[in-house]
There are 2 protein chains.
Amino acid sequence: MSTTMGTTRVFNVHARNWSTQASSSDSSGSEKNDDNEKKLTVSSYWGVTPPSITKADGSAWKWNCFRPWEAYQADTSIDVKKHHTPVTWNDKFAYWIVQACKYPAHLYFQRKHIHHAVLLETVAAVPGMVGGMLLHTKSLRRFEQSGGWIKALLEEAENERMHLMTFIDIYRPKWHERALVFAVQGVFFNAYFLAYLASPKLAHRITGYLEEEAVSSYTEFLNDLENGAMEDIPAPAIAIDYWCLPQNSTLKDVVRVIRADEAHHRDINHFASDIHCQGHELKEYPAPIGYH
Amino acid sequence: MSTTMGTTRVFNVHARNWSTQASSSDSSGSEKNDDNEKKLTVSSYWGVTPPSITKADGSAWKWNCFRPWEAYQADTSIDVKKHHTPVTWNDKFAYWIVQACKYPAHLYFQRKHIHHAVLLETVAAVPGMVGGMLLHTKSLRRFEQSGGWIKALLEEAENERMHLMTFIDIYRPKWHERALVFAVQGVFFNAYFLAYLASPKLAHRITGYLEEEAVSSYTEFLNDLENGAMEDIPAPAIAIDYWCLPQNSTLKDVVRVIRADEAHHRDINHFASDIHCQGHELKEYPAPIGYH
């Protein structure tokens, strides 16, 4: 790259905290000289600084994946046993697809709950993203609003990703689990994409049942934590900040709020499927944004 | 459907405001009887009610596509002439792709600015969604955080969609424009998806240059509004609420804030491309979430 470019400037690519590091590295001695040799010319766009965010107590906010105003207190009073009885062929087909996938997963993971949860969340974060994306492109193509459903589905995807970010703080998946997730995502993303294109009512019903199974898996997880079959451990810091949990919370509290989240996603997806089943479009009914 | 299902209840599918309408339709007379005949049995999931939101003055919030806390005041002081000089082959390739698409669009729309803006926004809302979705699936597959980039890119997509929702309030596209948007989206979405998979640095650079062209188009739009070549009209209500504009704002004010938004997206995308050009991954640098 050339330094004659009007908008270029020299910047130390090793200085991660670029906004302050560049001018305050006087005391770094020989390390500074080493770094100087590695200086590269980069464009003037280097360094669009993110806003500086602090917690209520004045300490720096340490998460980039969510912001303080996205933290919330989960409504754990939700009915975790609610089940949508399959009535139509569409319902039954969706139910049996989920059942057919559930048994191999239970056989594979048995009572290794955290391992199971990690795989489950990599799958559960897909439908919201696929649905949100397809509704977004539909909204653009048809020049019409989505009734908030794009946002509601993307919120679901983000929430599921936050569950995963919480679990990987206490468990790093092994290579064979990574390979499994890679393969499952490849198949599930494409299958769900096609299912949503072909029949949103089937796709949302499948997600509804998937979430019912997630709730039931987390109930088993919680039971094993409560009856001592599994050791309880302190809650990861990210979970305490995301769900506004007390500082002394444990994994048990985390599993309880995650289960409540899944129960809310179950409701949203069965509702979305119901809207389609009645011959309506999602946009006709305002989405329950922020329902968790 | 059967009424023997434990969780079903009868609901009037014509009652759009289901939470209140059902009990307050005593005065609807013969229309009520007609509706009763069309009653259908639906699942208990019918009616996951969205939260009731009011504006600061106590009146009901009327937009489903965004919420009061997503409204913001655009930073119109941003440099609207900033240009990333193409240096590498990657930059030059991206620049010429955008130039090659720009001329036919200018030829087609000439000075029909609103028509041009509508088409532009249906295209501009695609890259953020594609990038956000691909980073989301990568985050799940690799069990790692994205440094906030998923959110930053999805925010961009949503912001562009809000521009479109604003313009369609004052202009309804004709059938041939709809057909054009349909075709352009089909090609652009898939092309950008493949480009992002193959080279995120190329994809973000293309978006950076696309946003530069958007800024320049809106400058022409603004000039024609300012010199009277085009009649100024009152700002759509959705724009007043989204950008917290004064009640007496006009289209000129709306175009000014939209141009500022595009300039911010330009910065984010050139920055993202720079990160890749330096051999880094986006997650290593916190995303400028809420940069607009």
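User: In this predicted model, how do the residues of the lining of the largest pocket divide into nonpolar, polar and charged?

Analyst: The model is predicted, and its largest pocket holds about 910 Å³ of space. Among the 32 lining residues, those closest to the pocket centre are A:Arg67, A:Glu70, A:Lys151, B:Arg67 and B:Glu70. Sorted by class, the lining of the largest pocket comprises 14 nonpolar, seven polar and 11 charged residues.

User: Which helix gives the most to the lining of the largest pocket?

Analyst: Three helices each supply at least two residues of this lining: H5 (149-167) of chain A, H5 (149-167) of chain B and H9 (251-277) of chain B. The greatest contribution is seven residues, and the helix that provides them is H5(B).

User: Which residues in domain 1 of chain A lose the most area to domain 2 of chain A?

Analyst: The domain assignment of chain A gives domain 1 as residues 2-66 and domain 2 as residues 89-284. Six residues of domain 1 are in contact with five residues of domain 2 in this chain, and the two domains bury about 570 Å² between them, 67% of it on carbon and sulfur atoms. On the domain 1 side, 77% of the buried area comes from three residues together, namely A:Trp63, A:Cys65 and A:Phe66.

User: How much space lies in the second largest cavity?

Analyst: A search of the whole structure finds six cavities of 30 Å³ or more. Residues that line the second largest cavity include B:His106, B:Gln110, B:Tyr218 and B:Phe221. Helix H4 (113-142) and helix H7 (200-226) of chain B each supply at least two residues of the lining. The space in the second largest cavity is about 70 Å³.

User: Into which classes do the residues of the lining of the second largest cavity divide?

Analyst: Among the residues of this lining are B:His113, B:His116, B:Leu120 and B:Glu220. The lining of the second largest cavity divides into four nonpolar, five polar and one charged.

Methods:
Residues are numbered from 1 along each chain as its sequence is written. Chains are lettered from A and ligands numbered from 1 in the order in which they are written. This is a predicted model: local features need pLDDT of at least 70, side-chain atom pairs count only at pLDDT 80 or more; totals for chains, interfaces and linings use all residues. Side-chain values use heavy atoms; hydrogens and water are left out. On a 1 Å grid over the protein atoms alone, a cavity is a set of points where a 1.4 Å probe fits but cannot get out, and a pocket is an open set with protein on both sides within 12 Å along at least five of seven lines; lining residues have an atom within 4 Å of a point. Grid points are joined across faces, edges and corners, and a volume is the space filled by probe spheres set on the points. Helices (H or I, at least four residues) and strands (E, at least two) are DSSP runs, numbered from the N terminus. Ala, Val, Leu, Ile, Met, Phe, Trp, Tyr, Cys and Pro count as nonpolar, Asp, Glu, Lys and Arg as charged, and the others, Gly among them, as polar. Domain bounds come from an automatic or database domain assignment. Contact means heavy atoms within 4.5 Å. Buried area is the accessible area (1.4 Å probe) that two parts lose on being put together, summed over both.
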